[in-house]
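Me: I'm new to this one. Can you walk me through it in short answers?

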Amino acid sequence: AHDSARSGSGGGQEPGHLYKSHEGEHHGDFSDHTTKITSATYLYAMCAAINSCNLGYDIGVNTNAGPLIQDDLNLSKLQRELFIGSLN
């Protein structure tokens, strides 16, 4: 069956308007309750930040050390990529 109120043709609405099913996307979701940030949340955020710093440092070291390792061990470009990739 065809619902004329949903299609915008009839039901007292102008053509082209959408059917209003509620007052808004987050209707009734608002309250005075605030979410507390726990010490565990701060710990997780700090661990994620330290991990990002370690990854950046690791990439920087490997970028500069890669050609030196390749020369010392007589590696091809593919072998160097596999070796450096295995360290991460």
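Me: What does the accessible surface of the protein come to?
Reply: About 7,900 Å². Carbon and sulfur atoms account for 57% of that area. Accessible areas come from the Shrake-Rupley method with a 1.4 Å probe; for residues, only the protein chains shown count as cover.

Me: Before I go on, what kind of model is this?
Reply: It is a predicted model: local features need pLDDT of at least 70, side-chain atom pairs count only at pLDDT 80 or more, and totals for chains, interfaces and linings use all residues. Residues are numbered from 1 along each chain as its sequence is written, and side-chain values use heavy atoms, with hydrogens and water left out.

Me: What is the mean pLDDT of the protein?
Reply: The mean is 77, and 61% of the residues reach 70 or more. pLDDT is the predictor's confidence in each residue, from 0 to 100.

Me: Where is confidence lowest, and where is it highest?
Reply: Lowest is helix α1 (residues 4-7), with a mean of 49. Highest is helix α2 (residues 39-73), at 92. Over residues 4-9 the pLDDT is below 50, yet this stretch has 14 contacts in the model beyond near neighbours in sequence. A contact means heavy atoms within 4.5 Å. Where pLDDT is low, the predicted coordinates should not be read in detail.

Me: OK, how many helices and strands are there?
Reply: Three helices and zero strands. The pattern along the sequence is α-α-α. Helices (H or I, at least four residues) and strands (E, at least two) are DSSP runs, numbered from the N terminus.

Me: How much of the protein is buried?
Reply: Buried residues make up 7% of its 88 residues. Buried means under 20% relative accessible area, exposed over 50%, and partly exposed in between (1.4 Å probe, protein chains only).

Me: Is Q70 buried or exposed?
Reply: Q70 is buried, because its relative accessible area is 19%. Q70 sits in helix α2. Not counting residues up to four places away in sequence, Q70 touches L75, S76, K77 and R80.

Me: And I69, what is that in contact with?
Reply: Leaving aside neighbours within four places in sequence, I69 contacts L75, F83 and I84. I69 is also in helix α2. Its relative accessibility is 22%, so I69 counts as partly exposed.

Me: How far apart are I69 and F83?
Reply: They are 14 residues apart in sequence and 9.4 Å apart in space, C-alpha to C-alpha.

Me: Where does N74 lie?
Reply: N74 is in the loop between α2 and α3 (77-87). Its phi is near 55°, a positive value in a residue other than glycine. N74 is exposed, because its relative accessible area is 67%.

Me: Are C47 and C53 exposed or buried, or in between?
Reply: C47 is partly exposed, because its relative accessible area is 43%. C53 has 55% relative accessibility, so C53 counts as exposed.

Me: Last one: where is L43?
Reply: L43 is in helix α2. At 43% relative accessibility, L43 counts as partly exposed.
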